[in-house]
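Please keep the structure in view while reading.

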Amino acid sequence: MRLPRLLVIMGSGETSPTMVKTHREVFARLDGDGAPADGALLDTPYGFQENADDISARAVDYFRRSVGRQVAVASFRRAEGLDPLVRETTLARLRQAPWLFAGPGSPTYALRQWAGSEIPALLADKLQRGGAVTFASAAALTLG
C-alpha cells in the first residue's frame, strides 16, 4: 500500500488536548492496511535547551496516552559532533517512520542544525514517497 503524502503544519499548542483529534486523524490516514502507524519525534528545534530530555519525554507520553500512538525520539540535537552511530540510528528511524513530528523550540537553531545535513532531503523524500511530516510551532517556521 502506498502511503498518502501529508504535510501538516500547525501553530503552537501542538500537544494540547484540543489537538488530539487532529493527530489521530493524521495517523488514521496512514493506517490504510489496518496496522497502526508508528512515529518519530525529531528533537532538533529544542535540542539546545537544558530540559530537552524532559520535553521529549512529555511529548512521547502525550502521543502514547492522548493519541494512542507509539512515538520514538529521533535525536538530532546538534549536527556538529553528533556521534556517528546516533546519527545513523536517527536517520534510519526518520526514514522508516511513516509519521514524523517536530515542534517547539527555536526555528533558527533547527535551521542551523539541519542546513547541510541529511534532514532536509529526508523530509522531502518522505513527502515525495509517502508519509506524514507534521511540523508545529517553531519547527513549522523552518519550512519556509
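Helices are DSSP runs of H or I with at least four residues, and they are numbered from the N terminus. The model examined here is predicted, and the names α1 and α2 follow that numbering.

Consider first how these two helices are arranged. Helix α1 spans residues 20-30 and helix α2 spans residues 52-67; their axes come within 10 Å and cross at roughly 85°. Because angles of 65 to 115 degrees count as roughly perpendicular, α1 is described as roughly perpendicular to α2. Where the helices meet, α1 contributes Val 20, His 23, Arg 24 and Phe 27, while α2 contributes Tyr 62, Phe 63, Ser 66 and Val 67. By class, the residues of this contact comprise 5 nonpolar, 2 polar and 1 charged.

Helix α2 also takes part in the largest pocket, whose lining draws its largest share, 4 residues, from this helix. The volume of the pocket is about 160 Å³. Its lining consists of Glu 14, Thr 15, Leu 41, Tyr 46, Ile 55, Arg 58, Ala 59, Tyr 62, Phe 101 and Pro 104. Of these residues, 7 are nonpolar, 1 is polar and 2 are charged.

Arg 69 belongs to the loop between α2 and β3, and Asp 31 to the loop between α1 and β2, so the pair ties together parts that are 38 residues apart in sequence. Across the whole structure, 7 salt bridges are found.

Note on methods: Residues numbered from 1 in each chain as written. Predicted model: local features only at pLDDT ≥ 70, side-chain atom pairs only at ≥ 80, totals over all residues. Heavy atoms only, no water. Axes fitted to C-alpha atoms, helices over the stretch in contact; angles between N-to-C directions. Parallel < 35°, antiparallel > 145°, perpendicular 65-115°, else oblique. Contact = heavy atoms within 4.5 Å. Nonpolar A, V, L, I, M, F, W, Y, C, P; charged D, E, K, R; others polar. 1 Å grid on protein atoms, 1.4 Å probe; cavity = no way out; pocket = protein on both sides within 12 Å on 5 of 7 lines; lining within 4 Å. Points joined across faces, edges and corners; volume = space filled by probe spheres on them. Salt bridge = Lys/Arg side-chain N within 4 Å of Asp/Glu carboxyl O.
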